[in-house]
Amino acid sequence: MAKLSVIGTGYLGLTHAACMASLGHDVIAFDIDTDKIASISKGQVPFHEPGLPALLEQAIASGRLTFTTSWQEVADQADVHFICVGTPQSAYSEAADLSQVRGAVQSLAPLLTRPSLVVGKSTVPVGTAQWIADTLAAESPAGLDTHLVWNPEFLREGFAVEDTLHPDRIVLGVSHESDVETLKDVYATPLGEGTPLIVSDYPTAELVKVAANAFLATKISFINAFADLCDVTGANVTTLADAIGYDTRIGRRFLNAGIGFGGGCLPKDIRALQARAGELGVAEQFDFLRAADDINLSRRTKVVEIAKAALGGSLDGKKVAVLGAAFKPDSDDIRDSPALSIAGALHEHGAQVTVHDPEALPGVRTRYPHLATAESVNEAVANADIVLHLTEWQEYRAIDPQALRTLVNNPIIIDGRNVLDLDTWINAGWAITYLGKPGS
Ligand code: UGA
């Protein structure tokens with residue numbers, strides 16, 4: 001079996017590299033960041049991802065996973081190259097910033113002297129794969145013997161290992177049918193477990209990824225729009241979601257109302273899709289994604305307004321405890337985190353904000369130095385005028401509201417994730433507010 005390279009060691013690349021090694025492949029993982037490669041080579045995972053540290057350690061110990069910062073070593077050693085670099089939102093527009101993808105292709109291509117396969121996994125605007133295929137053909141010494149397959153990734157942070165080893169589906173956009181066999185070898189284990197394989201062309205494979213994320217984002221904003229309708233009518237959005245979710249055509253997942261979606265994927269992907277649709281002359285058809293984005297961002301202002309109203313109309317000088325900083329539980333990722341966006345806005349309104357999170361505090365201290373942080377929930381809520389529950393870590397559901405009440409100044413809590421048990425909190429003497437369902 002051919003040796004694999006994985007280019008980029010972020011959430012996607014490092015997980016992919018460790019998982020491919022665990023499936024028995026020889027893998028060389030590349031990153032331009034020498035410090036990162038130095039610490040990863042020692043088995044240190046630079047982010048919180050359950051299961052990954054153990055897998056990485058085993059992969060390194062087995063000798064099947066090595067690391068490099070040399071493009072030459074990548075080209076010399078591997079024949080199948082997975083591009084896993086980031087495609088963040090551009091600093092200048094809503095489009096995706098493709099500089100890392102372009103940089104990787106342009107660095108690798110001139111070194112590909114023998115027939116090889118490049119496999120794109122990064123999330124890109126439709127049309128990018130064809131540009132990469134053309135560039136590889138034009139700039140690699142092997143020319144037309146350098147092939148490209150587009151193989152989007154669907155992993156969720158917090159479940160990255162599970163999603164990589166046991167994906168829902170494997171999608172391949174190909175221009176040469178023969179390349180399918182190579183990827184079937186790479187993914188022999190998940191395919192052997194019955195994972196569906198969809199073979200298509202480049203644009204379809206690229207669109208599968210952005211369509212999936214656009215659908216998920218829209219689903220969340222759909223239920224959040226109903227949360228506002230529930231608020232003005234006294235209805236309960238959780239019961240509503242449960243009831244419509246029994247219809248298997250709708251499904252219950254991704255119908256949890258609250259402060260909405262964040263992270264490094266859904267927000268930037270729906271914006272990049274709108275930008276690309278505009279370039280391709282179908283902007284209007286994707287206006288609904290602007291609405292989904294606006295509904296999502298309005299959750300954040302709504303929570304600030306609720307907090308302000310609960311504190312008599314002003315946040316100035318008020319002590320606010322924020323439980324949760326990561327964009328979702330089981331992750332320390334704070335990119336576009338709704339929780340931190342709300343914490344930052346409260347701070348701007350003059351509140352003294354103290355943030356707790358089981359994993360994300362180092363990132364908070366670096367990126368939000370103006371926010372106070374606390375290592376424990378008890379420390380965060382000490383003398384608080386209001387508590388905001390914004391990331392639904394399991395440990396917050398286990399909080400004893402009775403005990404917590406003795407620590408705060410006012411027993412008022414906003415549950416921005418709609419998961420805390422109403423009766424338990426009311427019986428402990430708290431006023432609790434949800435988004436889209438009756439509180440107390
Ligand atoms: C998302 C997709 O779910 C993955 O399939 C995809 O591969 C990935 O992006 C990517 O493009 O790389 P991820 O960003 O890890 O994965 O997070 P999600 O689990 O999708 O959650 C996104 C946000 O939506 C979180 O802030 C979460 O709190 C929020 N959310 C999720 C809700 O507000 N309500 C829900 O019902 C579900």
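A polar contact is a pair of N or O atoms within 3.5 Å. With that cut-off in mind, I shall present this structure, which is a predicted model.

Let me begin with the ligand. An oxygen atom of the ligand lies 2.7 Å from a polar backbone atom of Glu157, which places the pair inside the cut-off of 3.5 Å. For Phe154, a polar backbone atom is 3.0 Å from an oxygen atom of the ligand. For Gly260, a backbone N or O atom is 3.4 Å from a ligand oxygen. On its own, the ligand has 720 Å² of accessible area, and the protein covers 90% of it.

Which elements give two or more residues to the shell around the ligand? They are α10, residues 202-233, and α12, residues 266-279. The largest share, 4 residues, comes from α10. There are 21 residues around the ligand, and those that come nearest are Phe154, Leu155, Glu157, Asn213 and Phe327.

I now turn to the protein chain as a whole. The chain has 19 helices and 14 strands. Its radius of gyration is 24 Å, close to the 22 Å that the globule rule gives for 440 residues, so the chain is as compact as a globular protein of that length. The C-alpha trace spans about 70 × 50 × 40 Å along its principal axes. Of the 440 residues, 51% count as buried.

Finally, the surface. The accessible surface of the chain is about 18200 Å², and carbon and sulfur atoms account for 53% of it.

Methods: Residues numbered from 1 in each chain as written. Predicted model: local features only at pLDDT ≥ 70, side-chain atom pairs only at ≥ 80, totals over all residues. Heavy atoms only, no water. Near = heavy atom within 4 Å. Polar contact = N/O pair within 3.5 Å; in protein donor to acceptor, adjacent residues only side chain to side chain. Areas by Shrake-Rupley, 256 points an atom, 1.4 Å probe, with all protein chains shown as cover. Rg over C-alpha atoms; globule rule 2.2 N^0.38 Å. Buried < 20%, exposed > 50% of the residue type's maximum accessible area, 1.4 Å probe, protein only.
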